Amino acid sequence: MERERFYAMLQKKQEFDYEKYLNTEQLLTAQKPYDELCNKDELQFQIVHQVEELWLKLIIYTLLDINEYMEQGNTNRVITLFKRVHITQRMMIDQLSLLETMSPKDYQSIRTQLGNGSGQESPGFRALTLAPQSLWKTFKTVYLDQKDLTIEKIYATEYDHSDTYMIAECLAEFDELFQKFSYHHMQLIYRSIGFDSKSLKGRSVELLNNRTRRKLFQEIWDVRTQMTDEWGTEYGVVRKSLPNE
Ligand code: HEM
C-alpha cells in the first residue's frame, strides 16, 4: 500500500462541511507528524491519551449540567446525564487496554519523548478531581437537608427507593468507576514498567495505589458498613449453615 497516499488523505485541507464542522484538519494533525514518531506504538500512545482528554472534557461538562439540574431538583435529567457520565467512564477504562498491546521495550522509547511529563498534569483529570466536592454539596443541600433526610434514612430506616436514593446510587456508581479507572491504570503501569518502579518524577508508582483506596463520597460507603454491622449484631456475625436436605 502506498503510505504517502493515505497520509495525504488524512492531512488534507478542510473542504467539505463534515470536515469543517468537525475541524478534522486540526484534529488529524494534533499528533506528531508520521516521520517524527519514535516507533510504531507512539501514534497509538498519543491518540489514546488525547481521546481520554476529550472524554474527560465531556464528563466535566456533563457534571456541571448535573450540578445545575440537582439545584433545580430535576431528578430525571440528573439520572439521564449520570448515565452518560457512567458510560463515558466505562469507555475510558476500556480504552486503557489498547495500550497493553505496546511492549515494555517500545514504551521505554516513548518515555524518552515525554520529557518530565506525567498524567498528574492532565488538565481533564485535575478538573475532574474538583467536581465531587461541588456535586456532594448540592446533593446534600437539595436532596438531603431540604427534605430532612440523611444517608442513613434513605438507605436504611426510611428506605423507599426515593429520588434521593437514586441520585445517591448515581454518585456511588461514579465513585466506583473512578476507582476502577485507577485500578486498571495501575495494572497498565505494572504491565508497562513493572511493580514498585520509579515514575518520571522519580516517585514509586505504588504511591498511586493510595488513590484506588480513597472514596469520593465516603458517607455512601460508610452507610453500607454500618448496616452490615447492625445486621451482624441482629443475626449474629457467624451464622449457622443451611440444613442438609
Ligand atoms: C503505558 C501507559 C501508561 C503508563 C506507563 C502510565 C504511568 C503513569 C505513572 C507512572 C503515573 C504516576 C505519575 C507520577 O508519579 O508522576 C501516572 C499518573 C497518571 N496517569 Fe498514567 N500511565 C499510562 C497511561 C495513561 C493513560 C492512557 C491515561 C489517561 C487519562 C493516564 C492518566 C494518568 C493520570 C490521570 C495520572 C495521575 C493519577 C493520580 O494522580 O491519581 N495514564 N501514569
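Q: In which helix is His-185 found?

A: His-185 is found in helix α9; here helices (DSSP runs of H or I, at least four residues) and strands (DSSP runs of E, at least two residues) are numbered from the N terminus. You are looking at a predicted model, in which local features need pLDDT of at least 70 and side-chain atom pairs count only at pLDDT 80 or more, while totals for chains, interfaces and linings use all residues. Residues are numbered from 1 along each chain as its sequence is written, and side-chain values use heavy atoms, with hydrogens and water left out.

Q: Which donor does the protein give to the iron atom of the ligand?

A: Donors are N, O and S atoms within 2.8 Å of the metal (3.2 Å for Na, K and Ca), and since water is not among the atoms, sites may look incomplete. In this structure the iron atom has a single donor from the protein, namely NE2 of His-185, at 2.1 Å.

Q: How many salt bridges does the count come to?

A: Side chains of opposite charge can pair when their charged atoms come close. A salt bridge is counted when a side-chain nitrogen of Lys or Arg lies within 4 Å of a carboxyl oxygen of Asp or Glu, and by this rule there are 11 salt bridges. One of them joins Arg-5 to Glu-2, with 3.6 Å between the closest N and O atoms.

Q: Is Glu-2 buried or exposed?

A: Such words are read from the relative accessible area: under 20% is buried, over 50% is exposed, and anything in between is partly exposed (1.4 Å probe, protein chains only). Glu-2 has a relative accessible area of 52%, so this residue is exposed.

Q: Which parts does the salt bridge of Arg-191 and Glu-100 tie together?

A: The side chains of Arg-191 and Glu-100 meet at 3.3 Å, N to O, in a salt bridge. Arg-191 lies in helix α9 (residues 163-193), while Glu-100 lies in the loop between α5 (75-96) and α6 (104-111), so the pair ties together parts that are 91 residues apart in sequence. Glu-100 counts as partly exposed because its relative accessible area is 28%.

Q: How many disulfides does a search of the whole structure find?

A: A disulfide is a pair of cysteine sulfur atoms within 2.5 Å, and the search of the whole structure finds zero of them.

Q: At what angle do helix α4 and α5 pack?

A: To read such an angle, lines are fitted to C-alpha atoms as axes, for helices over the stretch in contact, and the angle between N-to-C directions runs from 0 to 180 degrees. Helix α4 (residues 42-72) and α5 pack at about 165 degrees, with their axes 9 Å apart. The two helices are therefore roughly antiparallel, given that angles over 145 degrees count as roughly antiparallel, under 35 as roughly parallel, 65 to 115 as roughly perpendicular and the rest as oblique.

Q: What is the crossing of α7 and α9?

A: A crossing is left-handed if the near helix is turned anticlockwise from the far one by less than a right angle, and right-handed if clockwise. The axes of helix α7 (residues 123-144) and α9 come within 11 Å and cross at roughly 165 degrees. That angle makes α7 roughly antiparallel to α9, and their crossing is left-handed. The crossing of α4 and α5 is left-handed too.

Q: What is the value of phi in Asn-23?

A: Most residues other than glycine have a negative phi. Asn-23, however, has a positive phi near 55 degrees; this residue is found in the loop between α2 (17-22) and α3 and is partly exposed, with a relative accessible area of 34%. Asp-196 is not a glycine either, yet its phi is positive at about 60 degrees; its place is in the loop between α9 and α10 (209-213), and at 49% relative accessibility Asp-196 counts as partly exposed.
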